[in-house]
Amino acid sequence: ASSIFMVGFAGLANAQDNNPSLGIIPAPVLLKKSIGTFMLSQQTTLLADSVMNKAVVFFQDYLLNKGMLKIKLKPNSGLIPANSIVLTSQGADKLPPDGYILLITPQKITITGRGAGLFYGIQSLIQLMPGGKAGAASLPCVEIEDYPRFKYRGLMLDVCRHFFSVEFVKRYIDLMAAYKVNNFHWHLTDDQGWRIEIKKYPKLTQVSSLRAQTVIGDFHDRTPQQYDNTPYGGFYTQDQIREVVKYASARYVNIIPEIEMPGHSEAVFAAYPELSCNPSLTTYKVAETWGIFHNIYCPSEQTFDFLQNVLTEVMDLFPGKYIHIGGDEAPKDAWKKSEFCQKLIKKLGLKDEEELQSYFIQRIEKFVNSKGRNIIGWDEILEGGLSPNATVMSWRGEAGGIAAARQNHHVIMTPGSAGLYIDQLQGKQNIEPLNNGGNAPLDKIYRYNPIPAELTSDQQKYIQGVQANLWAEYIATEKKAEYMILPRMLALSEVGWTSLSNKNFADFTNTRLPSHLAWLDKNNFNYRVPAAIGS
Ligand code: TNX
C-alpha cells in the first residue's frame, strides 16, 4: 500500500477541513482523503471471493434491511464492472491481525481483509454512509489502513441484578460490532439470580432465577426503593443461548460466559443448600438486596461435581476459548467456621483460606483446561497463588493486572477507578439517575491507557486489552442500560482500538461524536448527551 501516507489521521488535519477523520469511531490508524466520490446505488455490484463469507452475508443483509438497497452479490471472477464494491482477502496476509484496507475511488470500493478484518472494513464503510443509512449515497474517496491496538476489546453485561431480554442482548451485540468491540462478557450468575438453563439442575431456573421482590436501590442509602412483592426474574433457555451465540458469531463477537464461584452464589443455595458450608440452614433465598454475601460454595466433592457438570453444559453452548469463573468478593468466614474446610486445609497442607480458594480455582481450571478451554477470573484469583493458565481481569485498580503480567499471565484491564465501570456516574450526582456511585465521565474513560508505565515492554505484552463493565444493580430497564452504555462505549472502543497518537478527546467528542449520536437517535437508542456538546 505505497499510496498511503504513513501518518495518523490527526496529522492530516488542516484548517479548512473540520472533519479530517470522516467521523469514524474508533479512529483508524491511517486515513487519507482524496478528490471525488463513489455513487452507491441499486446499480452497484457487490463482488466477493466467497458469497458465503460471514462478513459478506452481513453486509448484504445490512444494505437490504437498513438501506433497502437490493444489490447484486456475485463471486469475484476477476472481471470488475464499473461501480463495484469488492470484498477480498487477497493481499490481506500482509495486514496485522484483524486489520483491513478500505479504498474508495470514483470507480470502485475495495475492502481487503480476512475474517474479522473484512468485517471491520465493512463497519468503517457503513459509518461513511450518511447517517449509517446505507441508502443510495455518494461516498467520499478515501484510503484507510486500519488495525486494532489491542486484540481484546470487551464489554460486560450483568443480567443477574436485573434481567435483560434476548432482543436487548442482540442490540447490545449490534452496538459492540458497529464499534469493533469484540468480546461480550455475559455475567450469567450472581446472588440475585441464576440466568442460564442447565438441564442437569432444573432448580437453577425453577428456583434460583426468581427472587421474591423487585428491588431497586438500597446500597448507598439512596432513596427510591421498590419493594412491591412482585416476584422478579428471568433466564435464557439453552436454545436462546445458542441463538445469541450464533448472532454474535455472525458479527465477529466472541462471548465469554461467567459462572461465579466460590462467591456470589447465594441464589444457588436457595435451590441446592447442600453446596454451601451450612447445608442445614433453612433461610437461603435468592438475594433481594445488593452487596457481598457470606455463604459461598463449600469446596466439597459434591460442589466440584456440580460445578463441573454445569461447566460442561456451559462449554457445550459457548464455543469460545474463555470461560469466566468469577472469583471476586468471596468472604472466607463460612470456610473459617466450617469443620470440613479446616480439615481440608490441613489435609492438603495449605496455609489458610486464601490458599483454599486458590486450590478451588486451580481444580476448576484443570477441568476447564482438560476440555481445551482457558479460565478468566477477577483479580482475587491472584490471592493464595494464581492458576497456571489463568487470564486475570484487573478490576480493583491496576495492581492485580500488573502483578499478573509480572507472572507472565494474560491480563484484561478493567479498573473500576479509571472510568470503565459504566454503572458509575457520567455527570453530577444530583442530575443523574439512581446509580452505583463513583465517577466515570466520558473523558475519563476516553483517556484511559490500559498499559501501565511500571511494566517492562516484555511484561506489557501480557496486557491483552480492555473492558468496560455494566453492573446492573440500579439498571432495571433497557432504556437506562442504553443511557449508561452510550456514548461511553464509543469512548471504550477508541481505548481498545485506536493508537495512542491518534487519540484526541476534543476531536472525538466535538467533531466525530455528533454524527454517531444522530445515528443512535435514528436507531432509537437512548444515550446521554455529552457535556461538551450539550452545553
Ligand atoms: C463489585 S466488580 C462487583 C460486582 C458489583 C460491583 C458494583 C466485581 C468483580 N464485583 O459484584 O456489581 O462491584 O457494585
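This is a predicted model: local features need pLDDT of at least 70, side-chain atom pairs count only at pLDDT 80 or more; totals for chains, interfaces and linings use all residues.
Between them, 18 residues of domain 1 are in contact with 24 residues of domain 2. On the side of domain 1 that touches domain 2, helix H1 (54–67) and helix H2 (116–128) each supply at least two residues, and the largest share, four residues, comes from H2. By class, this side of domain 1 has ten nonpolar, seven polar and one charged residues.

Helix H11, which spans residues 399–406, has as its buried residues Gly400, Gly401, Ile402, Ala404 and Ala405. These buried residues of H11 pack against strand E17 (391–394), strand E18 (411–413), helix H13 (457–460) and strand E19 (463–470). H11 is followed by Asn408, whose phi is positive, near 60°.

Asn309 has its place in helix H7, which runs over residues 301–317. This residue counts as partly exposed because it has 14 C-beta neighbours inside 10 Å, a count that falls between the 12 or fewer of an exposed residue and the 20 or more of a buried one. The C-alpha atoms of Asn309 and Gly121, which are 188 residues apart along the chain, are separated by 41 Å.

The ligand, finally, is surrounded by Asp328, Glu329, Trp378, Trp395, Asn436, Trp471 and Glu473, a shell that by class has three nonpolar, one polar and three charged residues.

Definitions and conventions: Residues are numbered from 1 along each chain as its sequence is written. A residue is near a molecule or strand if its C-beta atom, placed from the backbone, lies within 6 Å of it. Ala, Val, Leu, Ile, Met, Phe, Trp, Tyr, Cys and Pro count as nonpolar, Asp, Glu, Lys and Arg as charged, and the others, Gly among them, as polar. Two residues are in contact if their C-beta atoms, placed from the backbone, lie within 7 Å.
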